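Please examine the sequence and the predicted model shown below.

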Amino acid sequence: MSDPAVRSCARCDKPMDPAYRPFCSKRCADIDLQKWLTGAYAIPGTGTEDDSEGDEAEER
Ligand SMILES: [Zn+2]
């Protein structure tokens, strides 16, 4: 009997935990979240702070 309410983790196909849906655990949720974050922030906002360029080098 397959309960339609019980779904599998979006990442590893383990039984989904309602607390972390659609994942089976915080770990899988974190992994997926990080994937999104790193994807969104993979390229830092460069070019908008040209003025501060060189500050770090001079500080040394
Ligand atoms: Zn999982």
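Of the 15 residues of α1, zero are buried, so this helix lies largely in the open. A residue is called buried if 20 or more other C-beta atoms lie within 10 Å of its own, exposed if 12 or fewer do, and partly exposed in between, the C-beta atoms being placed from the backbone. The model is predicted: local features need pLDDT of at least 70, side-chain atom pairs count only at pLDDT 80 or more, and totals for chains, interfaces and linings use all residues. Residues are numbered from 1 along each chain as its sequence is written.

Helix α1 covers residues 26-40 and reaches 20 Å from its first C-alpha to its last, close to the 21 Å expected at 1.5 Å a residue. The expected span is 1.5 Å times one less than the number of residues in the helix. The chain has two helices and zero strands. Helices (H or I, at least four residues) and strands (E, at least two) are DSSP runs, numbered from the N terminus. Buried residues make up 5% of the 60 residues in the chain.

Contacts may be considered next. Two residues are in contact if their C-beta atoms, placed from the backbone, lie within 7 Å. Among contacts between residues at least 6 apart in sequence, 0% join residues at least 24 apart.

Which residues does cysteine 9 contact, leaving aside its neighbours within four places in sequence? They are Lys14, Met16, Phe23, Cys24 and Cys28. Cysteine 9 lies in the segment before α1, and it is buried because 20 other C-beta atoms are within 10 Å. Serine 8 is also placed in the segment before α1, but it counts as partly exposed, with 13 C-beta neighbours inside 10 Å. Not counting residues up to four places away in sequence, serine 8 touches Asp13, Lys14, Pro15 and Met16.

| Pair | Separation in sequence | C-alpha to C-alpha distance |
|---|---|---|
| Cysteine 9 and phenylalanine 23 | 14 residues | 4.2 Å |
| Serine 8 and cysteine 24 | 16 residues | 7.3 Å |
| Arginine 21 and alanine 10 | eleven residues | 8.4 Å |

Two backbone features deserve attention. Most residues other than glycine have a negative phi, and most peptide bonds are trans. The peptide bond from arginine 21 to proline 22 is cis, with omega near 5 degrees. Is arginine 21 buried or exposed? Arginine 21 counts as exposed, because it has 12 C-beta neighbours inside 10 Å.

Aspartate 13 has a phi near 70 degrees, a positive value in a residue other than glycine. Aspartate 13 belongs to the segment before α1 and is exposed, with 10 other C-beta atoms within 10 Å.
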